[in-house]
Amino acid sequence: MEYSERLQNVTVIGAAGKMGSGILLLTAIEMADLSLKPENKNRQFILNAMDVSDEALSGLMKYLRAQVLKAAEKKAVQLRSVYADRTDLIDNEEIIREYVNDVVAIVRPTTLIESAYNSTLIFEAIKEDPALKVKIFSQINQNSTKSPWFYTNTSSIPISKIDKEANLGGRILGVHFYNPPAIQKLVEIIKGENTLQELVDFANLYSKNLRKIVVPSHDFAGFIGNGHFMRDAIHGIREAEALQSKYSFAESIYIMNKISQDYLIRPMGIFQLIDYVGIDVCQYIMSVMNPYLPNEDLHSDLLDKILASGVRGGQNSDGSQKDGFLKYEKGKVVAAYDINTKSYAPIAEFQSKCDDSLGKVPASILPWKAVVGNPKKDDLFKAYFTELNQTVSFGAELAKKYALRSREIGLNLVKDKVAFTENDVNTVLLTGFFHAYGPINNYLD
Ligand SMILES: NC(=O)c1ccc[n+]([C@@H]2O[C@H](COP(=O)([O-])OP(=O)(O)OC[C@H]3O[C@@H](n4cnc5c(N)ncnc54)[C@H](O)[C@@H]3O)[C@@H](O)[C@H]2O)c1
């Protein structure tokens, strides 16, 4: 089955969710572009947007229309040639409107799983629940006559496990988009033990057409992205716990968030990132990974405790950040949670005390924004980390330990055969997490 044929009837399951909606948008555009090619004139392209929530599906269609409009405006010139034989479409506005209608017409919102029975390709982005994913895949597989391919967006469950339990005979591949899929460049591709090579080849071509950067990962729980992130988070959490003999809970969170953001020159501190992903999501991913890690413990009592107090992080439906370890106002961190008082302590109340105790900061420190796109960033990082290495202060000690742990995590991912190469680990952190430098580097040698 060639590329266009495989994409003629597709279903996205969990289409109204954070990841599903992005995958749906990208796939709808790719399918529409194929449908508009002269050779596909007589083919019908169908993209089922399947979700259990009717309400979310109507919101999804509005989101889809708005996003396709944006995409169409960006490629108006290209669309002119696509619609060259349509003499009834005169100005750009008409062409753009026609294109938006053509893309949206492909998409069929539905709450019925049966709609997937006719699909040759299924993208799955329901919640990270192994049993639910297996149940849905088995059901589709047993009722379909199409021997469909399953592309799962799981961020931690081994692909071979799903394959075996749902009895898919190798017709499953991890195609792990990053959040939000429409913007994030990275796609991790995870081949299970029995995954058929055809699924990998197709996913590579599909990702290339979507202008994504593909990094292959071995089929090990958490893969590269969460393999690094979850351990990095555990490091930050344990360091914050250790600080509590001298600092309050809120101060400890503030300090480790500052070290991991400012001193490590990252786009977000570790607690802000945990809040962004969702404290509950992080705890859950750790619990999925933990049984596969006999020699380490990816469990945090602190996450259990903070969740038990009702604090979860994650996003509101308008995309704004919910409070978690940190409290946000207009996207800015304004307070840190104190688990003992179950309230937020304004950062302004303890910031200078904490910053003073962190001590001397290297003069060559720069904010992430100033370096991330800088063509000379490698030199800047060399200079900064050399200075950090020579700096004697509490903050510098915490930062060096953090950077070295991050490097160790990266190296272990290669040693433990999760990542194929050191470069793959760095690419995942640079593209999927927007770091300005890869964790595997020699800056601190
Ligand atoms: N959010 C992220 O940052 C992120 C990044 C990469 C991968 N992932 C993975 O993507 C998957 C989805 O995560 P998300 O954050 O988009 O979740 P989400 O909760 O935003 O979306 C899940 C969607 O699935 C729907 N759903 C639930 N049960 C269903 C069922 N039985 N049939 C059809 N639809 C159903 C829900 O209504 C919801 O719309 C998970 O496996 C997650 O690990 C998430």
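How many helices and strands does the secondary structure of the protein come to? In the predicted model examined here, the secondary structure comprises 18 helices and eleven strands. The C-alpha atoms fill a box of roughly 70 × 50 × 40 Å when the extents are taken along the principal axes. The radius of gyration is 24 Å, which agrees with the value near 22 Å that a compact globule of 445 residues would have. Buried residues make up 44% of the 445 residues, and, of the contacts with a separation of 6 or more, 68% are between residues 24 or more positions apart.

The protein is divided into domain 1, covering residues 3-217, and domain 2, covering residues 225-432. The centres of the two domains, taken over C-alpha atoms, are separated by 33 Å. Across the boundary, 15 residues of domain 1 are in contact with 14 residues of domain 2. On the side of domain 1 that touches domain 2, the elements that give two or more residues are β7 (186-191) and β8 (213-217), and the largest share, four residues, comes from β8. By class, this side of domain 1 has seven nonpolar, five polar and three charged residues.

In soluble globular proteins, nonpolar side chains tend to be buried together. The largest nonpolar core of the model has 126 residues, among which Ala 28 and Ile 253 touch the most other members. Helix α2, which spans residues 18-35, gives the most to this core, with nine residues, and the core draws at least three residues from each of domain 1 and domain 2. When residues up to four places away in sequence are not counted, Ala 28 touches Leu 47, Leu 64, Val 103, Ile 106 and Val 107.

In total, 24 residues surround the ligand, and the closest of them are Gly 14, Gly 17, Lys 18, Met 19 and Asn 179. By class, the residues of this shell divide into eleven nonpolar, nine polar and four charged. Asn 179, listed among the closest residues to the ligand, is joined to Pro 180 by a peptide bond that is cis, with omega near -5°. Pro 180 itself lies in the loop between β6 (172-177) and β7, and β7 is one of the elements that give two or more residues to the side of domain 1 that touches domain 2.

Ile 265 is placed in the loop between α10 (249-263) and α11 (270-277), whereas Lys 330 is found in the loop between β9 (326-329) and β10 (332-338). Ile 265 is buried, because 26 other C-beta atoms lie within 10 Å, whereas Lys 330, with 7 other C-beta atoms within 10 Å, is exposed.

The loop between α10 and α11 also holds Arg 266, which counts as buried because it has 24 C-beta neighbours inside 10 Å. Not counting residues up to four places away in sequence, Arg 266 touches Ser 260, Gln 261, Trp 368 and His 435. Arg 266 and Ala 436 are 170 residues apart in sequence, and their C-alpha atoms are 6.8 Å apart in space. For Asn 423, which is placed in helix α18 (residues 422-432), the separation from Tyr 117 is 306 residues in sequence and 40 Å in space, C-alpha to C-alpha. Asn 423 counts as partly exposed, because 14 C-beta neighbours lie inside 10 Å.

Methods. Residues are numbered from 1 along each chain as its sequence is written. This is a predicted model: local features need pLDDT of at least 70, side-chain atom pairs count only at pLDDT 80 or more; totals for chains, interfaces and linings use all residues. A nonpolar core is a set of buried Ala, Val, Leu, Ile, Met, Phe, Trp, Tyr and Cys residues joined through C-beta atoms within 7 Å. A residue is buried if 20 or more other C-beta atoms lie within 10 Å of its own, exposed if 12 or fewer, and partly exposed in between; C-beta atoms are placed from the backbone. Domain bounds come from an automatic or database domain assignment. Two residues are in contact if their C-beta atoms, placed from the backbone, lie within 7 Å. A residue is near a molecule or strand if its C-beta atom, placed from the backbone, lies within 6 Å of it. Ala, Val, Leu, Ile, Met, Phe, Trp, Tyr, Cys and Pro count as nonpolar, Asp, Glu, Lys and Arg as charged, and the others, Gly among them, as polar. The radius of gyration is taken over C-alpha atoms; the globule rule is 2.2 Å times the number of residues to the power 0.38.
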